[in-house]
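Notebook open. I want to look up the pocket and the DNA surface here.

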Amino acid sequence: MAQQEPSYWLMKSEPDVYGISQLKKESTTLWDGIRNYQARNYMRTMAIGDKAFFYHSNCKPPGIVGIMEIIKLGLIDPTQFDPKSNYYDPKSLKEKPRWDCVELKYLGRFSEMLSLEEMRSIYTQEELPVIRKGNRLSILPIPTKTAKDILKRLGKFS
DNA sequence: GCCAACGTTGGC
DNA sequence: GCCAACGTTGGC
């Protein structure tokens, strides 16, 4: 079977908690701490080689700052079993973990960010679900057409 | 700091 | 299984 074209995603993180510069330094990271079933289920539909836009949330201004690649799937999120973690889930059982995650690789940071405000002025809600008001989901699919347009618009990344 | 949106919890 | 109460996210 021919290699499938990669899908594109948007993944949010607060820069104060984990920002793009930290990922650049570490090169790869486990995207742990997801405690929302819809976001988790999106991660479960990811494929190796898919690309994800890194979105800085809860900051000024919020927006897309870089791009990553999915390199590992279906990893158990270790923070669910760690009582000291903010993401500790006492209801999750070792023999039946509730939360899993993916591993990501840093691909680049855009020389200029694409702010939420700009995204709203360029795309419709159908083209880019994240701009819908009140969308709190931290992992969202991005239609391929929109993703390619964003990449073209942002041009080179470093 | 406010608050809209919305997911989760738990009593019934 | 409904739904009120509560908690969290995240833009503003």
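How far is an N or O atom in the side chain of Arg 120 from a phosphate oxygen of DNA strand C? I get 2.8 Å.

Before going on, I note that this is a predicted model, where local features need pLDDT of at least 70, side-chain atom pairs count only at pLDDT 80 or more, and totals for chains, interfaces and linings use all residues. Residues are numbered from 1 along each chain as its sequence is written, chains are lettered from A and ligands numbered from 1 in the order in which they are written, and side-chain values use heavy atoms, with hydrogens and water left out.

**Phosphates.** I looked up two other side chains. Tyr 55 has an N or O atom 2.9 Å from a phosphate oxygen of DNA strand C.

**DNA surface.** I listed the residues near DNA strand C (a heavy atom within 4 Å of it): Lys 12, Tyr 55, Ser 57, Asn 58, Pro 62, Leu 116, Arg 120 and Arg 136. By class I find 3 nonpolar, 2 polar and 3 charged; Tyr and Pro count as nonpolar here.

**Pocket.** I then turned to the largest pocket, which 16 residues line. Lys 12, Ser 13, Val 17, Asp 32 and Tyr 87 lie nearest its centre. β1 (8–13) and β2 (28–30) are the elements giving two or more residues to this lining; strands are DSSP E runs of at least two residues. I sort the lining into 6 nonpolar, 6 polar and 4 charged residues. Lining residues have an atom within 4 Å of a point of the pocket, an open set on a 1 Å grid over the protein atoms alone where a 1.4 Å probe fits, with protein on both sides within 12 Å along at least five of seven lines.

Key:
Helix = DSSP H or I, 4+ residues; strand = E, 2+ residues; numbered from the N terminus. Polar contact = N/O pair within 3.5 Å; in protein donor to acceptor, adjacent residues only side chain to side chain.
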